[in-house]
Amino acid sequence: METLIRETKSVCPVCLRIIRARIVEEDSLVYMKKDCIEHGNFKLLVCRHPDYYKELNGFYFSVMDKSFLQRDYIVHLTNKCDLDCPICLADSNSRHTEEYSLNDLKQFLKGKKGFKIDLMGAEPTIRQDLPEIIKSIKQSGNIAALHTNGIRITDFYYLEDLKEAGLSEVHLQFDGFDDSVYEKIRGRRQLEIKLKALDNLKKLNIATDLVATIVRGINEKEMIKILNFGVENGFVKEIFFLGCRFLGKAKNLLIENCMMPDELIDILQEQTNNKISRENILKFQKLYFSLLSAVSMRKCFYNQHFLIGRNKNEYIPVDKLFDLEGIQNNLDKFKKLKISGSILASPYFFLSLFFKLVGFKSLFWIKEFLAFGPPFIWGFDLSRLPRKSLLLGFITACDAYSLDYDIAKNCGKGAISVELGIQDTGAIDNVLRDSL
């Protein structure tokens with residue numbers, strides 16, 4: 001028996017025609033179902049936990065608003081790359097497109113302050129003018145974030161130059177500690193390169209996000225190893241577990257190799273023996289979406305997070321530090337205020353949060369949590385996350401199977417490239433480009 005959760009729009013994975021889609025509960029599972037008049041029916045497993053999905057879905061669409069100003073933009077600097085990964089979602093080295101110019105970026109940055117500029121490629125370090133690009137972003141009062149495979153930043157002095165130019169954070173492609181994994185999904189052994197890049201990032205104390213692309217049947221076992229490394233190294237501020245999706249060169253994989261965030265949560269819960277649990281991820285995610293909503297920041301529904309605290313080489317889940325359960329009623333009240341359009345919604349949220357801080361175990365952790373707010377004031381500045389905090393993310397990239405227009409409208413990333421121009425949301429346009 002099928003129960004409708006939500007109607008939306010998507011695209012046909014074959015012809016990319018916009019079609020109607022339904023999010024439904026069926027046999028205690030959540031699916032996206034859609035029908036193309038030419039290519040037939042498609043069914044994607046979205047979540048194995050209907051109660052989790054339905055509660056978070058209802059909360060998200062009550063507090064998130066597509067009218068929130070976009071303050072985070074991906075700049076596609078080049079399609080070139082010094083690797084040829086079999087799972088490259090960006091389809092590198094395949095399109096001879098014009099590179100986005102520094103002058104065009106300077107024009108875009110005029111009048112903007114506190115925006116996050118994600119420098120991506122394929123591989124942005126291919127650009128010889130990358131230091132000048134970073135310097136322009138920094139001088140304009142914005143946040144320069146580099147997304148890289150790590151090859152070029154094995155050169156300590158090159159990375160030092162980027163930091164001096166104003167680089168704020170690095171998002172490093174890091175799929176684990178097993179070189180056979182890199183051979184399978186990146187086409188060559190790369191562990192030595194990754195470890196050298198990490199060593200340089202640590203020496204220069206650059207805020208780092210480990211972005212692990214997880215491919216079913218290949219590197220799920222690496223998730224716990226990556227988590228433990230992040231806990232032990234304070235320069236790592238964030239870990240993103242990215243489920244491989246059916247984009248770019250990854251379309252050569254079977255769709256069965258692709259993973260949604262829901263499955264990544266299940267895997268890490270099992271690997272941590274429930275220390276990180278779905279139940280508490282749900283509670284924290286409601287708090288996280290509320291915080292973003294209170295400061296009018298967009299966020300994708302499929303970017304789901306959890307916060308842990310570092311204590312030497314161990315970690316403490318946020319539910320052991322903060323009364324997550326106790327604040328749930330306040331979050332539901334915040335949701336009702338948002339639905340009613342009340343101007344009191346944001347003040348109520350922050351006041352509720354302040355009073356709940358007394359639930360912390362020590363004054364030290366109160367200070368850490370109070371410091372958690374500043375990165376959200378404008379663009380999300382990873383370098384300003386508290387030193388004892390580590391943010392975990394369970395995320396996905398939209399592809400022609402998973403694209404949900406209602407979610408994409410709230411995409412936390414705009415997109416800038418020669419192909420796309422300047423787009424307020426990058427999700428839909430990236431799908432159309434990388435699915436062809």
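Cys 88 is buried, its relative accessible area being 12%, where buried stands for under 20% relative accessible area, exposed for over 50% and partly exposed for what lies in between, computed with a 1.4 Å probe and protein chains only. The closest cysteine sulfur to that of Cys 88 belongs to Cys 85 and lies 6.2 Å away, which is too far for a bond. This is a predicted model, in which local features need pLDDT of at least 70 and side-chain atom pairs count only at pLDDT 80 or more, whereas totals for chains, interfaces and linings use all residues. Residues are numbered from 1 along each chain as its sequence is written, and side-chain values use heavy atoms, with hydrogens and water left out.

A disulfide is a covalent bond between the sulfur atoms of two cysteines. The structure holds zero disulfides, if a disulfide is taken as a pair of cysteine sulfur atoms within 2.5 Å. Cys 47 is likewise in no disulfide, and the nearest cysteine sulfur, that of Cys 300, is 14 Å away from its own. Cys 47 is also buried, with a relative accessible area of 3%.

## The overall fold

The protein has 14 helices and 15 strands, which are DSSP runs numbered from the N terminus (H or I with at least four residues for helices, E with at least two for strands). Its radius of gyration, taken over C-alpha atoms, is 21 Å, close to the 22 Å that the globule rule (2.2 Å times the number of residues to the power 0.38) gives for 436 residues, so the protein is as compact as a globular protein of that length. Along the principal axes, the C-alpha atoms fill a box of roughly 60 × 50 × 45 Å.

Of the 436 residues, 61% are buried. Counting a contact as heavy atoms within 4.5 Å, 70% of the contacts between residues at least 6 apart in sequence join residues at least 24 apart.

Helix α8 covers residues 261-271, and its buried residues are Pro 261, Asp 262, Glu 263, Leu 264, Ile 265, Ile 267 and Leu 268. After α8 comes Asn 273, which has a positive phi, near 55°.

Phe 354 has its place in helix α11, residues 345-356, and it counts as exposed because its relative accessibility is 52%.
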